[in-house]
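Hi,

Here is the structure I promised to pass on to you. Have a look at it first, and then read on for what turned up.

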Amino acid sequence: MAAMAAAVASSPSPSPASTRLLRGHHPPPSCSAPSLLRLTRSSRRLRLRAAAAAEEADVLPGPGAEGEMAAGGRLEEQPEGPIGGSQVDIGGLAFQGDMGGGGFAGGSGGAGAGGGDGNKMLDRGINTAIVLGASTYALTKLLTVDHDYWHGWTIFEILRYMPEHNWSAYEEALKTNPVLAKMMISGVVYSLGDWIAQCYEGKPIFEFDRARMFRSGLVGFTLHGSLSHYYYHFCEALFPFKDWWVVPAKVVFDQTAWSAIWNSIYFVVLGFLRLESPATISSELKSTFWPMLTAGWKLWPFAHLVTYGLVPVEQRLLWVDCVELIWVTILSTYSNEKSEARNSEDASTSNASNDNSI
């Protein structure tokens, strides 16, 4: 026994590594089950954490209230009204963003504004050409009245005899064809009077309404020149006396009967040329008849003291047409402001009815 104990005591003790090796090769039965359970639980926790991380990565916060979430990989549902920029609908999907929409819209607006500016420039160019062409033609006719006799003339002689010879040419035209000469003078005067009226209303000098000026000139050419020619001869036959009271009597007759007739003719014919209905023309004539008649009393009685007292009957229309440049401005303003006011009122009524229907 003592020898065995000494042998055991003298034998070397096993090292820790060998002990672990022996345990690894021969694990105790009671230790294997808990290790496997811990591994299974650890792997399950890792899978759960991975799934949770995947879900967190797959869920993005939306633009709405706090806590709203939108599933990743899908486009967010857009609000009904656009927030900003442009909205494009492709295949049922709405894409909200700038996408150059502002630039495109600005380009469209710029194109529309450019088109309007182009039309305005074209109208201005046409009006300028009309004014310059008519002025050049008139000045050329006045300056070249003696061109058949210019041989050997100096510039001073041409300018000296030009007024006298133009007056002689006018008197010759009155003898040859008095009605046509007076019609042409009245047509020019009524066109210029309407142009002056438009400038007085605030339009730039080369942005006048050509149709309106043409209508006024047409009335002056076709009606005023011819009717005035016969009226002044009728007035002389109506008052054949040479007494002092004849001139005031002619002025009173002119500013009551003739002015009322002519103002009505001018207003009605312009209304028909504007394609207005008879009812509209009648109502507007009633509202402007008295103001137009009384407005003439501020100008014509003084002018007609010269007309019937000093000017010969054949020359009266020329003097009257010179004063008409002022009077046509008044007439045209009265006539057209009523039409423009009515058009504005109709447009406002139409817009209001459209808004109510919507």
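Before the helices, a word on terms: an axis here is a line fitted to C-alpha atoms, for helices over the stretch in contact, and angles run from 0 to 180 degrees between N-to-C directions. Helices (H or I, at least four residues) are DSSP runs, numbered from the N terminus. The model is a predicted one, in which local features need pLDDT of at least 70 and side-chain atom pairs count only at pLDDT 80 or more, while totals for chains, interfaces and linings use all residues. Residues are numbered from 1 along each chain as its sequence is written, and side-chain values use heavy atoms, with hydrogens and water left out.

Let's begin with a pair of helices. The axes of α6 (residues 178–200) and α7 (residues 210–238) come within 7 Å of each other and cross at roughly 140 degrees. That angle makes α6 oblique to α7 (under 35 degrees would be roughly parallel, over 145 roughly antiparallel, 65 to 115 roughly perpendicular, and the rest is oblique). Just after α6, G202 has a positive phi of about 115 degrees.

Now for the charged pairs. A salt bridge means a side-chain nitrogen of Lys or Arg within 4 Å of a carboxyl oxygen of Asp or Glu, and the whole structure has eight of them. One of these joins R212 and D194, at 3.0 Å from N to O. R212 belongs to α7 and D194 to α6, so this bridge ties together parts that are 18 residues apart in sequence. Are these two residues buried or exposed? For burial, the cut-offs are under 20% relative accessible area for buried, over 50% for exposed, and partly exposed in between (1.4 Å probe, protein chains only). R212 is buried at 3%, and D194 is buried at 1%. Both also take part in a network of salt bridges with E201.

R210 pairs with D123 at 3.6 Å, N to O; D123 sits in α4 (residues 101–143), 87 residues away from R210 in the chain. D123 is partly exposed at 36%, and R210 is partly exposed at 30%. E236 of α7 meets R316 of α11 (residues 316–357), with 2.6 Å from N to O. Here E236 is partly exposed at 24%, whereas R316 is buried at 5%.

Finally, take a look at L275, in the loop between α8 (246–273) and α9 (278–296). Its phi is near 65 degrees, a positive value in a residue other than glycine, and L275 is exposed at 76%.

Enjoy exploring!

Definitions and conventions:
Helix = DSSP H or I, 4+ residues; strand = E, 2+ residues; numbered from the N terminus.
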